[in-house]
Structure formats: C-alpha cells, structure tokens
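Here is a short tour of one protein chain, written to be read alongside its sequence and coordinates. Have a look at the fold, and then let us walk through it together.

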Amino acid sequence: MFVNAADPIALDISDGYGRFHYEENKNFCYYSPGSAKETLTATVIAMKINPITQPEFAALNEKLDRYFRLMNGYIGPIKYIC
C-alpha cells in the first residue's frame, strides 16, 4: 500500500521535468503533492496497524513535510514563467 502511494511522487516529477513546456511541467508538479498526501495517509494507516513504529512514522512525516516545502518552492517560480 505504501509503495503504491509513494511511487507516483517521483514518477510525476520526472514526467513533468521531461516535458518541453513549463506549463506541462507545472501541471505534473501539481499532481505530485496529491500522491504525497496519499503516502502520508498510508503512513498513518501503517502506524495504526503497527507495521511501522512511532519513530519511523515521525521520520517519514518529516521527509514528506520537507518534500511539500521544496515542491512549493519549485512550483512558485514556474508560475511566473508560464
């Protein structure tokens, strides 16, 4: 479940990066955080059913939080190019 939720994050970013126009890149970057939110939900479920521990959950949550901040920083300048 977790891997299925996390895989599209990188796939959307790389798919958008390979596009010719910034507008297409921006659209794929907008899709990626949705996959990250899905991944966050999967980590919450995983913690509740005990496949991951609280420290593992905290580490994953911290990485996803950093991802959201970095992606917002990346999307910001692209808005003005389009």
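## Overall fold

Helices (H or I, at least four residues) and strands (E, at least two) are DSSP runs, numbered from the N terminus. By that count, the protein chain has three helices and zero strands, in the order α-α-α from the N terminus on. Its C-alpha atoms fill a box of roughly 45 × 20 × 15 Å along the principal axes.

This is a predicted model, in which local features need pLDDT of at least 70 and side-chain atom pairs count only at pLDDT 80 or more, while totals for chains, interfaces and linings use all residues. Residues are numbered from 1 along each chain as its sequence is written, and side-chain values use heavy atoms, with hydrogens and water left out.

## Contacts and core

Taking a contact as heavy atoms within 4.5 Å, residues 24 or more positions apart make up 69% of the chain's contacts with a separation of 6 or more. Of the 82 residues, 30% are buried, meaning under 20% relative accessible area with a 1.4 Å probe, protein chains only.

A nonpolar core is a set of buried Ala, Val, Leu, Ile, Met, Phe, Trp, Tyr and Cys residues joined through side-chain atoms within 4.5 Å. The largest one here has nine residues: Ile9, Cys29, Ala36, Leu40, Leu64, Tyr67, Phe68, Met71 and Ile75.

Leaving aside residues up to four places away in sequence, Met71 touches Ile13, Cys29, Ser32 and Pro33.

Terms used: Buried < 20%, exposed > 50% of the residue type's maximum accessible area, 1.4 Å probe, protein only.
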